[in-house]
Amino acid sequence: MGAVNRAPLLLICVLTCLIIFVRPSTSDPDDEVCLTQLFAAFEDPTNSLKNWTKANFANPCTGFDSPLQGATCNNGRIYKLSLYNLHLRGTISPSLSKCTNLQSLDLSSNSLSGSMPTQLKDLVNLAVLNLSSNRLSGPIPPELSLCAYLNVIDLHDNELTGTIPQQLGLLVRLSAFDVSNNRLSGMIPPSLGNRSGNLARFNASSFEGNKELYGYPLEPYKSRGLSVLAIVGIGLGSGLLSLVVSFTAVCIWLKITEQKMANEEGKITQLMPDY
């Protein structure tokens with residue numbers, strides 16, 4: 001009788017295990033669009049992404065594994081992309097934002113160009129963003145501040161221009177920040193350069209290599225064009241030169257005047273009768 005009563009319970013356990021471990025994997029359509037468009041924007045001269053195929057885009061996850069080079073899954077969604085040092089060229093597709101479960105993105109040490117898509121703001125779960133050592137240009141999108149879970153922003157060794165968005169200082173989880181060796185300009189936002197309390201602080205190495213960037217922890221002021229001392233020096237030099245020229249002109253005038261007076265006196269002397 002006891003064995004009969006245990007049979008339904010055993011059947012329930014078996015069915016539960018089948019549901020958890022043997023359930024079919026279904027692709028998220030957003031992930032499929034994300035991966036398809038991301039790959040389409042890449043140039044892959046070394047064929048490093050040979051398994052990035054349409055069939056695998058349609059079903060990119062099997063548990064935590066993925067048939068796609070550099071991809072890791074969680075709960076049937078792409079949650080990590082590590083495509084560093086694969087000699088990739090091309091651009092970063094705005095459709096990358098469709099991988100909304102993405103928590104870590106590493107495209108470093110490639111030759112990617114173009115701008116950073118503002119659509120990255122839609123990666124609301126993103127904690128690690130590493131786009132360093134590429135050829136990215138244009139501004140750093142201030143919209144990145146909407147990725148509230150960002151712990152790491154690494155953009156060093158690119159060709160980024162413009163100012164560092166002040167909004168990035170709102171990222172209270174940010175523990176690593178590196179924009180060195182770009183073409184950034186303007187003042188370093190105090191919310192990043194002079195953090196206080198429990199917020200992580202970033203030293204000068206995070207900002208070096210940007211000729212037009214200034215403010216703590218770099219030099220407090222960076223002159224644009226001539227320095228104050230140079231301007232003062234030029235002013236003094238110009239004044240002295242002007243004084244010398246004026247003095248010389250006066251001397252010449254006096255000399256000429258004196259010569260004229262001497263000549264006039266000579267003429268008068270010649271006209272006067274002898275007594």
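This is a predicted model: local features need pLDDT of at least 70, side-chain atom pairs count only at pLDDT 80 or more; totals for chains, interfaces and linings use all residues.
**Entry 1: the seven-stranded sheet**

I began with the strand order. Seven strands make up an open sheet, and I read them off as E1-E4-E6-E8-E10-E12-E13, with mixed pairing. The edges are E1 (42–43) and E13 (212–214); each has a single partner strand, so one side of each is left without a neighbour in the sheet.

Then I looked at the E1 end. E1 pairs with E4 (residues 89–90) in the antiparallel sense, over two bridges. Across from Glu43 I found Arg89 of E4.

**Entry 2: the six-stranded sheet**

Next came an open sheet of six strands, in the order E2-E3-E5-E7-E9-E11, again with mixed pairing. Here E2 (71–74) and E11 (176–178) are the edge strands, and each has a single partner strand, so one side of each lacks a neighbour in the sheet.

I went through some of the pairings from the E2 side.

- E2 and E3 (residues 77–82) are antiparallel and share four bridges. Cys73 has Ile78 as its bridge partner in E3.
- E3 and E5 run parallel, with three bridges. Lys80 sits opposite Ser104 in E5.
- E7 (residues 128–130) and E9 (residues 152–154) are parallel too, joined by three bridges. Val128 faces Val152 in E9.

**Entry 3: the disulfides**

How many disulfides are there? I count two. With the bonded cysteines numbered in sequence order, the pairing is 1-4, 2-3.

I took Cys34 and Cys99 to begin with. Their sulfur atoms are 2.0 Å apart, and they form a disulfide. This pair links distant parts of the chain: Cys34 is in helix H2 (residues 29–41), Cys99 is in the loop between E4 and E5 (104–106), and 65 residues separate them. The angle about the S-S bond is -105°, which makes the link of Cys34 and Cys99 left-handed. Is Cys34 buried or exposed? Cys34 is buried, at 0% relative accessible area. Cys99 is buried as well, with a value of 0%.

Then I turned to Cys61 and Cys73, joined by a disulfide with an S to S distance of 2.1 Å. Cys61 lies in the loop between helix H3 (54–58) and E2, while Cys73 lies in E2 itself, so the bond ties together parts that are twelve residues apart in sequence. The link of Cys61 and Cys73 is left-handed, with -80° about the S-S bond. I checked burial here too: Cys61 is buried at 2% relative accessible area, and Cys73 counts as buried at 0%.

I also looked up Cys147, which is buried with a relative accessible area of 0%.

**Entry 4: Gln103**

I stopped at Gln103, which lies in the loop between E4 and E5. Gln103 counts as partly exposed, at 31% relative accessibility. What does Gln103 touch, not counting residues up to four places away in sequence? I found Tyr79, Asn125, Leu126, Ala127 and Val128. I also looked at Leu81: Gln103 and Leu81 are 22 residues apart along the chain, and their C-alpha atoms are separated by 8.6 Å.

Asn75 has a positive phi of about 55° although it is not a glycine. Where is Asn75? Asn75 is in the loop between E2 and E3. These two strands form a hairpin with two residues between them, and Asn75 is in the turn. Asn75 is exposed, with a relative accessible area of 68%.

Asn181 is another residue other than glycine with a positive phi, near 60°. Asn181 belongs to the loop between E11 and E12 (183–187). Asn181 is partly exposed, with a relative accessible area of 37%.

Last, I looked up the peptide bond between Tyr216 and Pro217. This bond is cis, with omega about 10°. Pro217 lies in the loop between E13 and helix H5 (228–271).

Notes. Residues are numbered from 1 along each chain as its sequence is written. Side-chain values use heavy atoms; hydrogens and water are left out. Two strands pair if DSSP finds at least two bridges between them. A disulfide is a pair of cysteine sulfur atoms within 2.5 Å. Buried means under 20% relative accessible area, exposed over 50%, partly exposed in between (1.4 Å probe, protein chains only). Contact means heavy atoms within 4.5 Å.
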